[in-house]
Amino acid sequence: ASLNVSSHDQGATVFLNAERDTLLPALRILADVLRQPLLPQDAFDREIKAGLAGIEASRQEPAVLRQEATRGHYNQARGVRLGQPYYVMGVDERIASLKATTLADVQRFYADYWSANEAQVSVAGALPDGLAAEIELLFGDWKKPAAPRFVRHIPQHVAVPPARFDAIARDKANAIVRLHETLPLNSEDPDAAALELAVHIFGGGGLESRLSERVRQKEGLTYGISASLNASFWGNDGGLAIQASYAPDKRERVIAVIQQELERMSAEGITA
């Protein structure tokens with residue numbers, strides 16, 4: 001069996017994978033891990049140390065340098081400050097936040113929030129008899145009535161003014177470019193499916209996309225290039241992003257050709 005627990009801004013996802021005969025025993029282990037964690041100091045210290053080392057090691061990575069260069073622009077446009085949704089943290093802020101976090105903070109959060117109050121369970125595959133009853137037995141009474149109720153944060157679109165930022169990555173052989181446009185878009189909007197297909201044709205179809213055929217294969221300018229669309233179910237904070245990796249001396253040509261393909265897509269559309 002395999003077990004994975006991942007966290008996100010407003011919750012956590014637990015994924016358990018096992019064969020029919022081992023699912024119930026694995027589920028009991030999962031319940032023990034979730035409901036009776038040891039939270040030892042030495043393991044916490046290792047996690048903090050590894051996290052700090054990872055952040056420090058990323059300082060000169062192109063993607064991190066790009067975010068460091070652009071985050072102030074996004075934060076100002078959105079009118080947010082540290083501690084608020086949408087705020088993009090810098091490397092030093094992430095380090096300071098991690099250093100300030102204690103095991104007592106984790107224990108307190110666990111005591112206040114960690115429960116099955118708002119849990120949703122979905123199962124698929126070859127399932128053993130009695131699974132529903134076992135889930136209810138293991139988690140049905142794991143409630144914390146005093147815990148703050150879940151209130152979903154609904155992201156709202158904020159227009160970000162156009163700007164260009166360049167960041168120098170020392171001792172790197174490659175460079176990256178990212179073009180991003182915020183869009184007031186939701187996955188249920190009437191135009192969402194058509195736009196998703198258009199973006200797939202433009203830059204999401206692997207080697208057969210327009211960007212890849214022109215920029216990478218025909219002109220040999222990039223190692224990789226793609227486009228992606230963000231349109232979530234909640235709110236309307238959508239966006240279109242184009243990203244590419246290339247040799248540093250090809251920068252201006254890469255940007256120019258991407259612009260040409262954007263203009264061609266806008267003017268000509270897509271053929272049958």
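This is a predicted model: local features need pLDDT of at least 70, side-chain atom pairs count only at pLDDT 80 or more; totals for chains, interfaces and linings use all residues.
**The three-stranded sheet**

- An open sheet of three strands is arranged in the order β3-β5-β4, and its pairing is antiparallel.
- The edge strands, each of which pairs on one side only, are β3 (175–184) and β4 (222–230), and from one strand to the next the twist averages 10°.

- Helix α7 (residues 192–204) lies across β3, β4 and β5 and runs at about 175° to β4, whereas helix α8 (residues 210–218) lies across β4 and β5 and runs at about 160° to β4.
- The buried residues in α8 include Arg210, Leu211, Ser212, Arg214 and Val215, and the elements that cover the buried residues of α8 include α7, β4, β5 and α9 (251–268).
- After α8 comes Gly220, which has a positive phi, near 60°.

- Strand β2 (residues 11–17) pairs with β1 in the antiparallel sense over seven bridges, and the two strands are joined by a hairpin through two residues.
- Within this pairing, Ser6 has Thr13 of β2 as its bridge partner.
- Leu3, Val5, Val14, Ile29 and Val33 make a nonpolar surface patch of about 400 Å², to which β1 (2–8) and α1 (23–35) are the elements that give two or more residues.
- Val5, a patch residue that lies in strand β1, counts as partly exposed because its relative accessibility is 43%, a value between the 20% and 50% limits for that class.

**Salt bridges**

- Side chains of opposite charge can pair when their charged atoms come close, and a search of the whole structure finds 20 salt bridges.
- Arg59 and Glu56 meet through their side chains in a salt bridge of 2.9 Å, N to O; Arg59 counts as partly exposed at 31% relative accessibility, and Glu56 counts as partly exposed at 41%.
- A salt bridge of 3.5 Å, N to O, brings together the side chains of Arg71 and Glu93; because Arg71 lies in helix α3 (residues 62–78) and Glu93 in helix α4 (residues 91–100), the pair ties together parts that are 22 residues apart in sequence.
- In that pair, Arg71 is buried, with a relative accessible area of 18%, while Glu93 is partly exposed, with a relative accessible area of 23%.
- Glu118 and Arg149 form a salt bridge in which the closest N and O atoms are 3.0 Å apart; Glu118 lies in the loop between α5 (103–113) and α6 (131–139) and Arg149 in the loop between α6 and β3, so this pair ties together parts that are 31 residues apart in sequence.
- Glu118 counts as partly exposed at 41% relative accessibility, whereas Arg149 is exposed, with a relative accessible area of 66%.
- One network, made by salt bridges that share partners, joins Arg214, Glu219, Arg253, Glu261, Arg264 and Glu268; Arg214 in this network is also among the buried residues of α8.

Terms used. Residues are numbered from 1 along each chain as its sequence is written. Side-chain values use heavy atoms; hydrogens and water are left out. Patches are made of residues with over 30% relative accessible area and no salt bridge: like charges are joined within 9 Å, nonpolar side chains (Val, Leu, Ile, Met, Phe, Trp, Tyr) within 5 Å. Accessible areas come from the Shrake-Rupley method with a 1.4 Å probe; for residues, only the protein chains shown count as cover. A salt bridge is a side-chain nitrogen of Lys or Arg within 4 Å of a carboxyl oxygen of Asp or Glu. Helices (H or I, at least four residues) and strands (E, at least two) are DSSP runs, numbered from the N terminus. Buried means under 20% relative accessible area, exposed over 50%, partly exposed in between (1.4 Å probe, protein chains only). Two strands pair if DSSP finds at least two bridges between them. Axes are lines fitted to C-alpha atoms, for helices over the stretch in contact, and angles run from 0 to 180 degrees between N-to-C directions. Contact means heavy atoms within 4.5 Å.
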